[in-house]
Amino acid sequence: DGKLSFDEFKAYFADGVLSGEELHELFHTIDTHNTDNLDTEELCKYFSQHLGEYENVLSVLEDLNITILKAMDKTKKDYQEASNLEQFVTRFLLKETLNQLQSLQSSLECAMETTEEQTRQERQDPTKPEVLSIQWPGKRSARRLQRNNSLSPNSPRFSTVTFYKCSLFIFSKGWTEEDSQWMTQITRLQKLIDKLEKKDLKLEPFEEEVLEENAKSHIMIVQRQMSVIEEDIEEFRLALKQYVESASTQGGCLHVSIQKLPSDSRFIVYEFWENSNAWNSHLQMNYSKTFQRSNVDFLETPELITTMLIPGKY
């Protein structure tokens, strides 16, 4: 309706660091009209006072967005009539543009992680982060934690060197050849899931092939749907965070991704395991059993688990 209630404000702006009371105080600070609702004018006025260097960043991003859309429009018009060489150059430029944007995104994500980690350390309360969107490569979880610990500054002042080192880590120490191969497979599988959910899948011509019949030749994909009791969401998030952190350290865990549906209190967890044996072993671990027992109290309905085996070569 053009206005934000406190519940809507909290749902969008909660970052897992500010407490509910602090968010409520911030809400009333922005609400200069004292209407218990925030309109666009109030939001713009508040954030405009704090943009600093990010005013230039956001301005450049707006220009970049317009420039890319113009390029996409011209590509759509000219690509089909272009020569093979011209089409090759266009594909290369698209790929390089995407790589540059992904590199920038990685740097920003690393900066966000580092600032959040510092804030949690200063508050001496590391158990309160949000878990709405966790993208943790399982086999690298320990290294990820090591990276955060080694790059978190001891003083409250940051420098761009910290974030630059964090970005370099992603492209050097953070990836082994084996990890890169696994993440390539996972990325392709995630794209397939996205296409299925959007009902935009184009089937390739039929091909038949003989696959190896052993547990290690297939990746296990697990989808877990959990409808959480509204008043227990915060406790559930804490339990889910502890579960994901434990699962990600397991040798057979490749990836964990969490989504929360905006329309209700339903969480969807996607887990990628090296094979069915790794998944079955994970179910017998204490942290997994603890999480299942806690869900008896947190969930409105029994958890829905769906599993799928995908050929590992894909």
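This passage describes the fold, the surface and selected residues of a predicted protein model.

Because the model is predicted, local features require pLDDT of at least 70 and side-chain atom pairs count only at pLDDT 80 or more, while totals for chains, interfaces and linings use all residues. Residues are numbered from 1 along each chain as its sequence is written, and side-chain values use heavy atoms, with hydrogens and water left out.

The secondary structure of the protein consists of eleven helices and seven strands, assigned as DSSP runs (helices: H or I, at least four residues; strands: E, at least two) and numbered from the N terminus. Of its 314 residues, 32% are buried, where buried denotes under 20% relative accessible area, exposed over 50%, and partly exposed the range in between (1.4 Å probe, protein chains only). Contacts are defined by heavy atoms within 4.5 Å; among those between residues at least 6 apart in sequence, 72% join residues at least 24 apart. The accessible surface amounts to about 21200 Å², of which carbon and sulfur atoms account for 54%. Accessible areas were computed by the Shrake-Rupley method with a 1.4 Å probe, and for residues only the protein chains shown count as cover.

Helix α5 spans residues 84-123 and comprises 40 residues. Buried positions in α5 include Gln87, Ser106, Cys110, Glu113, Thr114 and Glu117.

A nonpolar surface patch is formed by Tyr54, Val57, Leu58, Leu61, Leu64 and Leu101, with about 520 Å² of accessible area together. Patch members have over 30% relative accessible area and no salt bridge; like charges are joined within 9 Å and nonpolar side chains (Val, Leu, Ile, Met, Phe, Trp, Tyr) within 5 Å. A salt bridge is a side-chain nitrogen of Lys or Arg within 4 Å of a carboxyl oxygen of Asp or Glu. Helix α4 (residues 54-78) contributes the largest share of the patch, five residues. Val57, located in α4, is classed as partly exposed because its relative accessibility is 38%.

His282 belongs to helix α10 (residues 276-283) and counts as buried because its relative accessible area is 2%. Beyond neighbours within four places in sequence, His282 contacts Arg224, Tyr243, Ala247, Glu271, Trp273, Tyr287 and Ser288. Gly252 is 30 residues from His282 in sequence, with a C-alpha to C-alpha distance of 8.4 Å.

Notes:
The expected span of a helix is 1.5 Å times one less than its number of residues.
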